[in-house]
Amino acid sequence: MAGKIEARLKELGIELPAPSQPAGTYVPFVRTGNLVFISGQGPVGPKGLEYQGKVGKEQDVDAAKAAARLTMINVLAQLKAACDGDLDRVQRCVKLLGFVNSTPEFDQQPAVINGGSDLLVEIFGDAGRHARSAVSTASLPFQMTVEIEAIFEIA
């Protein structure tokens, strides 16, 4: 029987992908005590890296929000692996750090990262509300538009 969170994902039409492997010398997540630290994830979909380029130049806010939503789906894939396949173990999202590959004058980073934050609230309700930072960066690996790392509390 699927758990409550798996049922919610199905209701939203979201199928989590297999968690991606690291692109460098690090691990995709670390569990310590009741916390899970998820390494930075990007907007990788079935066709590979789906959003590349700077917001304010190659990408607009709506596309960047979609990139953040897709990125959060990849965060959740790692979280599911960290929870041994049981997302009902998630007690809450504690903190997100969202990076937006943007032009120097772009100043709507919070609106972009809302694409990921909103998804967490859609899935987990109040347990999806979190502390957060949303910052601009001059570039990201592989020119991806967004990168998000996260900390979750689990049972």
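This is a predicted model: local features need pLDDT of at least 70, side-chain atom pairs count only at pLDDT 80 or more; totals for chains, interfaces and linings use all residues.

Tutor: The part to examine is an open sheet of five strands, which follow one another in the order β1-β2-β7-β5-β6 with mixed pairing. Strands, like helices, are DSSP runs numbered from the N terminus; a strand (E) has at least two residues and a helix (H or I) at least four. Two strands count as paired if DSSP finds at least two bridges between them. The edges are formed by β1 (29-32) and β6 (131-137), each of which pairs on one side only. With direction ignored, neighbouring strands of this sheet are turned by 10 degrees against each other on average. Such angles run from 0 to 180 degrees between N-to-C directions, with axes that are lines fitted to C-alpha atoms, for helices over the stretch in contact.

Residues are numbered from 1 along each chain as its sequence is written, and side-chain values use heavy atoms, with hydrogens and water left out.

The pairings may now be taken in turn. Five bridges join β2 and β7 in the antiparallel sense; here V36 has F152 in β7 as its bridge partner. F152 also stands opposite C93. Between β5 and β7 there are nine bridges, and this pairing too is antiparallel. Strand β5 (residues 90-101) runs parallel to β6, to which seven bridges join it. V100 faces S136 across to β6. In a regular strand, side chains alternate between the two faces of the sheet.

G98 counts as buried because its relative accessibility is 0%; buried means under 20% relative accessible area, exposed over 50%, and partly exposed in between (1.4 Å probe, protein chains only). Residues up to four places away in sequence aside, G98 touches I113, S133, A134, V135, E147 and I148, where contact means heavy atoms within 4.5 Å.

Across β1, β2, β5 and β7 (146-154) lies helix α2 (residues 61-82), which runs at about 40 degrees to β7. Q78 belongs to this helix and is buried, with a relative accessible area of 1%. Apart from neighbours within four places in sequence, the residues in contact with Q78 are P19, S20, P28, F29, I38 and Q41.

Six salt bridges are found in the whole structure, each being a side-chain nitrogen of Lys or Arg within 4 Å of a carboxyl oxygen of Asp or Glu. One of them joins R31 to D84, with the closest N and O atoms 3.4 Å apart. R31 is in strand β1 and D84 is in the loop between α2 and β5, so the pair ties together parts that are 53 residues apart in sequence. R31 counts as partly exposed at 40% relative accessibility, whereas D84, at 60% relative accessible area, is exposed. Another salt bridge is formed by R69 and E122, whose closest N and O atoms are 3.1 Å apart. This pair links R69 in helix α2 with E122 in helix α3 (residues 109-124), distant parts of the chain 53 residues apart. Through salt bridges that share partners, R31, D84 and R89 are joined into one network.

Finally, there is a nonpolar patch on the surface, formed by V27, V30 and F37, with about 240 Å² of accessible area together. Patches consist of residues with over 30% relative accessible area and no salt bridge; nonpolar side chains (Val, Leu, Ile, Met, Phe, Trp, Tyr) are joined within 5 Å and like charges within 9 Å. Accessible areas come from the Shrake-Rupley method with a 1.4 Å probe, and for residues only the protein chains shown count as cover. F37 is located in strand β2 (residues 35-41) and counts as partly exposed because its relative accessibility is 35%.
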